[in-house]
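Subject: Handover of a protein–ligand model

Dear colleague,

Please find below the model that I am handing over to you.

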Amino acid sequence: MSFDYHDGLLYAEQCSVAALAAQHGTPLYVYSQQQIVKNWQQFAAVWPAPHRLCYAVKANSNLAVLNVLAQLGAGFDIVSGGELARVLAAGGRADRVVFSGVAKSRAEMAAALEQGIYCFNVESAAELEQLNDVARAHQITAPVSLRVNPDVDAQTHPYISTGLKSNKFGIAMRHARDVAVRAQDLPHIQLQGVDCHIGSQILTAAPFLDAADRMLALITQLRGDGITISHLNMGGGIGIPYQHEQALDVSAYLLELQRRADAVGGLTLMLEPGRSIVGNAGILVTEVIYHKAGDDKDFLLVDAGMNDLMRPALYQAYHDIIPVKQSSASPMLVDVVGPVCETGDFLGHARHLAAAAGDLLAVMNAGAYGFTMSSNYNTRPRAAEVMVVGDNAHVIRERETLSELWKGEHIVELRR
Ligand code: LLP
């Protein structure tokens, strides 16, 4: 593993986490480059080109992370004009970008058309019409994949489940054929494929394969209508173990997907993995400010809060919390909570930890949807980020300064 103890001290690759915290302060995100590469290879080794793996930028969009993946030949799944700009700034190739999202604006469509992205994952009939319009104004043709909602239950947290009929995402399966026929007719649309994304943090292959079967049946039906479909994009969603869950066997899933797609034939397979590439490649390091005895439990008040890592507050997500320096003291039952003025501001409930003020803790598996979901709530500057490469650590995002937080704000004269 890229995060491990040596002589009782936690290391990120060959860098002592305590030394990183001393140098860069806390809260601090620490990423292992080697772990990102390893996670990527898990996919790329099973699916060499011409398959397309598009890393979901929303999971972790730091330029250094995107740049590593670009160098490994990654494509990118984006959901905004901002993410497209990041990919380009990081050296990613526009022609390997797929653009997801339910409410793309005209300006975002125009920017993506100008850059020449691989395709738009279109989520509604209305979006298709607007894209045709924007493409006409640019006198070009927009490459399109239709995001279809396969209506499968991904059996994950309701906030991150996206493939049910009741979700806002995708075109309903029963409308897919009509929208595909319309796409064929629109002069500035080039229909290339279909895609789906059923949810996130899914740890069994069954819902994915179930969705794949429905998508393959749709492809067969569309082809029967004379519509050309050359790719199937199965989205992201592959979960990682946060507690003691069994990891999904990625290569078995990819091979089975390949087998089923081969049976239909003529398809390039695509995926949009996010969490599975960066989740276990990052930790959030935080310092204990106080230990406070409570009536029925104790609290460790730490300097990282829900604004730094929102997942526990938002999804009751579990993240392992471990000491940066192992201790022989006997563990206490504690809630690990942040400084933000919200009861929901916690990192972990009912943990067994031996820690006192001044000690450092590491919140594990924080590489995905950690920094990208962080905010400035309570006027807290966002954390610094470092990427470790062997025994070197590089600052890949400086800690925000206070004055940066109110940059662009203006005081208004009081009318009396
Ligand atoms: N493709 C699409 C269209 C998506 O909506 C997503 C994630 C992905 C790919 C990447 O999914 P992944 O492989 O990372 O599961 N903030 C939540 C997760 C939200 C996921 C949103 N969509 C969390 O912290 O658990």
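A polar contact is a pair of N or O atoms within 3.5 Å; within protein, one atom must be able to donate a hydrogen and the other to accept it, and residues adjacent in sequence count only if both atoms are side-chain atoms. The model is predicted: local features need pLDDT of at least 70 and side-chain atom pairs count only at pLDDT 80 or more, whereas totals for chains, interfaces and linings use all residues. Residues are numbered from 1 along each chain as its sequence is written, and side-chain values use heavy atoms, with hydrogens and water left out.

The ligand

Asp77 has a side-chain N or O atom 3.3 Å from a nitrogen atom of the ligand. In the side chain of Ser200, an N or O atom lies 2.4 Å from a ligand oxygen atom. For Glu272, the distance between a polar side-chain atom and a nitrogen atom of the ligand is 2.6 Å. The protein buries 91% of the 590 Å² that the ligand exposes when taken alone; these accessible areas come from the Shrake-Rupley method with a 1.4 Å probe, and for residues only the protein chains shown count as cover.

There are 18 residues around the ligand, and Ser200, Glu272, Arg311, Tyr315 and Tyr369 come nearest; a residue is counted here if one of its heavy atoms lies within 4 Å of the molecule. The shell is made up of six nonpolar, six polar and six charged residues. In this classification Ala, Val, Leu, Ile, Met, Phe, Trp, Tyr, Cys and Pro are nonpolar, Asp, Glu, Lys and Arg are charged, and the others, Gly among them, are polar.

The domains

The protein is divided into domain 1 (3–30 + 279–405) and domain 2 (101–271), with bounds from an automatic or database domain assignment. Their C-alpha centres are 36 Å apart. Ten residues from domain 1 and seven residues from domain 2 take part in the contact, where contact means heavy atoms within 4.5 Å. Why is the ligand said to lie between domain 1 and domain 2? Both domains give residues to the shell around the ligand, so the ligand lies between them.

Tyr369, one of the residues that come nearest to the ligand, is found in the loop between strands S19 and S20. Helices (H or I, at least four residues) and strands (E, at least two) are DSSP runs, numbered from the N terminus. Phi of Tyr369 is positive, near 55°, in a residue other than glycine. Tyr369 has a relative accessible area of 15% and is therefore buried; buried means under 20% relative accessible area, exposed over 50% and partly exposed in between (1.4 Å probe, protein chains only).

Asn365 is located in the loop between strand S19 (360–363) and strand S20 (384–389). Its phi is also positive and near 55°, and Asn365 is buried because its relative accessible area is 14%.

Glu123 sits in the loop between strand S8 (119–122) and helix H6 (125–137). At 5% relative accessibility, Glu123 is buried. A polar atom of its side chain lies 2.8 Å from the backbone nitrogen of Gly170. Not counting residues up to four places away in sequence, Glu123 touches Gly101, Val102, Lys104, Arg147, Phe169, Gly170 and Ile171.

Tyr118 belongs to the loop between helix H5 (106–115) and S8, and it is buried at 18% relative accessibility. Beyond neighbours within four places in sequence, the contacts of Tyr118 include Arg52, Asp95, Pro143, His231 and Met270.

Other backbone features

In helix H3 (residues 63–71), the buried residues are Ala64, Val65, Leu66, Val68, Leu69 and Ala70. Asn62 caps the N-terminal end of H3, with a side-chain oxygen 2.8 Å from the backbone nitrogen of Ala64. Gly73 follows H3 and has a positive phi near 90°.

The peptide bond from Thr26 to Pro27 is cis, with omega near -5°. Pro27 lies in the loop between helix H1 (17–24) and strand S4 (28–32).

Arg416 is in the segment after helix H12 (402–405) and is exposed, with a relative accessible area of 90%. Between the C-alpha atoms of Arg416 and Phe371 the distance is 43 Å, and these residues are 45 apart in sequence.

With kind regards
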